[in-house]
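Here's a quick tour for anyone meeting this protein for the first time. Have a look at the structure, then read on.

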Amino acid sequence: MTTTLEFPALLRLIDERSTAFRAAVASAPSLDVQVPTCPEWTLFDLVQHLGEGRRSWAATVAAGPAPAKSAAEGAPVAPREREALRAWLAESTEQLLDALRKAGPDRGCWTWWETSQSPQTSGAVARHQLQEIAVHTYDAQITVGAPQPLPAEVALDGVDEFLSTCVATTSAWPHKPAAVDFHASEGRSWRLALSADGARTTRRPGPGTISATAAGQDPDAANASARGTAGELVLVLHDRIPINSLKLDGDRRIFDQLSTWDPSE
């Protein structure tokens, strides 16, 4: 599947979303406030998770092809004082960006998505890291009562990235074969095909670009579909907002089956 965003844009947006995350942390009344979208975490826990994860991924990208994820050796622990914590987080982001710049988009490295449709490259890591940072930025913003929509270019790539990295698999779909379409109001659509061969995603013509067909007469019609902004689709896919935030059509049971499916079992 073609990446929507080029490598330099991914790096730029990682930096921009990381800056937005730190701004939310700066405005919080306390680092001990609970994160509504991650209720088991405080804001400090969220910052610690994001910073430690970026350092670990920086080490993994720097290591190149390897049998396992690399650890960030000798990394300092996350400080409790707010300004020191923000500086530590900024350094975590810079370590990731520096490793990605040095590796370039095509160098191989360890990833956990070997059975997905995403390559095991530093470019795919950058793409996934952008989405993780963007969604956690939303978490931080909603924690301080100031959630912002995901930037459109981030969200559009985010739907594609989630479906091709986090959902696509060679593990057999344990239910009746199905096709699920995801339509972004910005004009892009994706189809997720579920079968005994696993889950695979493809780009589709955008909504409204296909001539109308009588209901039930289209042999290529999806069994279910979801419509919303790209940002809404991303937040639903990452379990940040309920699926009824979208316009759903067709067999809604498929969405329930998808939410409970663990391909590793």
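## A network of salt bridges

Let's start with Arg204 and Asp220, whose side chains form a salt bridge with N and O 2.8 Å apart. Arg204 sits in strand E5 (residues 198-204) and Asp220 in the loop between E5 and strand E6 (224-228), so this pair ties together parts that are 16 residues apart in sequence. Arg204 is partly exposed at 24% relative accessible area, and Asp220 is partly exposed too, at 38%.

Asp181 pairs up with Arg191 in another salt bridge, with the closest N and O atoms 2.7 Å apart. Asp181 is buried at 7%, and Arg191 is buried at 9%. Asp181, Arg191, Arg204 and Asp220 are linked in a network. The count of salt bridges comes to 14.

## Helix H5

H5 covers residues 152-167 and spans 21 Å from first C-alpha to last, close to the expected 22 Å. There's a kink of about 30° in H5, centred on Glu161. Most of H5 is covered, with 13 of its 16 residues buried.

## The annotated domain

An unreviewed UniProt entry annotates residues 11-141 as "Mycothiol-dependent maleylpyruvate isomerase metal-binding". That stretch is 61% helix and 5% strand.

## How confident is the model?

This is a predicted model. Its mean pLDDT is 94, and 94% of residues reach 70 or more. Residues 210-216 fall below 50, and this stretch has 2 contacts beyond near neighbours in sequence.

Terms used
Residues are numbered from 1 along each chain as its sequence is written. This is a predicted model: local features need pLDDT of at least 70, side-chain atom pairs count only at pLDDT 80 or more; totals for chains, interfaces and linings use all residues. Side-chain values use heavy atoms; hydrogens and water are left out. UniProt positions are given in the numbering used here, feature names are shortened, and annotations may be inferred rather than shown by experiment. Helices (H or I, at least four residues) and strands (E, at least two) are DSSP runs, numbered from the N terminus. The expected span of a helix is 1.5 Å times one less than its number of residues. The bend at a residue is the angle between axes fitted to the seven residues ending there and the seven starting there. Buried means under 20% relative accessible area, exposed over 50%, partly exposed in between (1.4 Å probe, protein chains only). pLDDT is the predictor's confidence in each residue, from 0 to 100. Contact means heavy atoms within 4.5 Å. A salt bridge is a side-chain nitrogen of Lys or Arg within 4 Å of a carboxyl oxygen of Asp or Glu.
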